[in-house]
Amino acid sequence: MFSYVTSNAFIDPTITFVINYLRNELDQLEINRENFGLIHFDYELDNILFDNNVIGVLDFDDCGYFWYVCDIIYALRYYMDDFQLPISKKVNIFLENYQSQTSFDYKVFEKRDLLICLHNLYFYGRLSRAIDIIEDESNPDWMNNIVKKLTSGIHELKQFFIVFETSHR
């Protein structure tokens with residue numbers, strides 16, 4: 001992922017800082033069979049199907065090899081206040097139940113702010129590559145609405161990176 005983003009000359013200094021910071025920090029995390037492997041990387045309610053007592057997951061186009069806790073952190077991001085300690089009671093209950101089924105790497109989980117940033121960087125790249133048209137009155141309304149939505153998402157992520165850079169310099 002980093003090689004694609006860094007190979008593009010149009011990268012601005014904030015994105016370059018974020019890439020280099022994440023590379024340096026994440027290189028220090030342990031990778032082993034217990035904590036790293038193929039994950040979904042986009043757990044959202046719209047990617048989960050509920051049918052009576054059966055739960056299914058779909059939309060695997062963002063899956064990749066990352067730390068397993070990346071999926072947990074992304075799925076629970078709305079339940080953790082700025083990913084700082086102490087974490088909420090709901091998150092603690094989830095983690096306790098998760099641990100009852102499989103191992104959980106708290107050392108990686110402690111880096112959740114970096115892993116959210118990694119996730120945001122990934123989607124920033126995807127959104128940036130998806131925008132190959134501009135809003136124009138000659139486009140159909142639906143197309144201009146998509147361009148607005150994607151452009152807004154890119155802007156929100158860029159603001160996230162500016163705050164991240166400020167707090168990690």
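Visitor: How many aromatic pairs does a search of the whole structure find?

Guide: Two rings count as a pair if their centres lie within 6.5 Å. When the whole structure of this predicted model is searched with that rule, the number of aromatic pairs found is twelve.

Visitor: Are the rings of F36 and W67 stacked or edge-to-face?

Guide: The ring centres of F36 and W67 are 5.2 Å apart, and their planes stand at 85°. Planes over 60 degrees apart are counted as edge-to-face, so the pair formed by F36 and W67 is edge-to-face.

Visitor: How many residues apart are F36 and W67 in the chain?

Guide: F36 belongs to strand β1, which covers residues 36-39, whereas W67 belongs to strand β4, which covers residues 64-67.

Visitor: Is W67 buried or exposed?

Guide: A residue is called buried if its relative accessible area is under 20%. The relative accessibility of W67 is 5%, so W67 counts as buried.

Visitor: In which helix is Y122, the residue whose ring pairs with that of F41?

Guide: The rings of F41 and Y122 have centres 5.4 Å apart and planes at 70°, so this pair is edge-to-face. F41 lies in the loop between β1 and β2, and 81 residues separate it from Y122, which is in helix α6.

Technical notes:
Residues numbered from 1 in each chain as written. Predicted model: local features only at pLDDT ≥ 70, side-chain atom pairs only at ≥ 80, totals over all residues. Heavy atoms only, no water. Phe/Tyr/Trp six-rings, centres within 6.5 Å; stacked < 30°, edge-to-face > 60°. Helix = DSSP H or I, 4+ residues; strand = E, 2+ residues; numbered from the N terminus. Buried < 20%, exposed > 50% of the residue type's maximum accessible area, 1.4 Å probe, protein only.
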